[in-house]
Amino acid sequence: MNDNDNPIENTTVLVVDNDGEMRRLVARLLTSLGVGRVLQAPDGEAAKQRLLEPESDRPDVVITELDMTPMDGVQLLTWIRHDDGSPNPLIPVILLTARSDPNLI
């Protein structure tokens, strides 16, 4: 199998979480699964900056914590999907949370 046969090796994932330990844990898990490049951001504002980088440096997927400050995961997702400045409104986004409330969002 060459590198082009395994798309996960060519995937860049942005992990967003203000809990540094959780962010690093998710990043290590993704790396161990074979994700080619894992970027990290400590909050939604920093994630926006990563998403606005030149196209060749942008992630293919975003995994973000729901509860963060100054910009939480829902606000980040809203910016990605609806703001005219968003570089990719269709990027896949996964929201994570430790909260168990089914009516959270």
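Which residue in E4 is the bridge partner of Glu65? In this predicted model, that partner is Leu96.

The two strands around this pair, E3 and E4, run parallel and are joined by 4 bridges. They belong to an open sheet of 4 strands, ordered E2-E1-E3-E4, with parallel pairing. E2 and E4 form the edges, each pairing on one side only. From one strand to the next, the twist averages 20 degrees.

| Helix | Strands involved | Direction |
|---|---|---|
| H1 (residues 20-32) | touches E1, E2, E3 and E4 | about 170 degrees with E2 |
| H2 (residues 44-51) | lies across E1, E2 and E3 | about 160 degrees to E1 |

Let's take a closer look at H2. Its buried residues are Gly44, Ala47, Lys48 and Leu51. These residues cover an arc of only 105 degrees around the axis, so they sit on the same side of H2. Among the elements covering them are strands E1 (12-16), E2 (37-41) and E3 (61-65), along with helix H3.

Finally, a stop at Pro89, which is in the loop between helix H3 (73-82) and strand E4 (93-96). Pro89 counts as partly exposed because its relative accessibility is 34%, between the 20% and 50% cut-offs. Beyond its neighbours within four places in sequence, Pro89 contacts Ile80 and Arg81. Val13 is 76 residues away from Pro89 along the chain, and their C-alpha atoms are 16 Å apart.

Note on methods: Residues numbered from 1 in each chain as written. Predicted model: local features only at pLDDT ≥ 70, side-chain atom pairs only at ≥ 80, totals over all residues. Heavy atoms only, no water. Buried < 20%, exposed > 50% of the residue type's maximum accessible area, 1.4 Å probe, protein only. Contact = heavy atoms within 4.5 Å. Arc of directions from axis to C-beta. Pairing = 2+ DSSP bridges. Axes fitted to C-alpha atoms, helices over the stretch in contact; angles between N-to-C directions.
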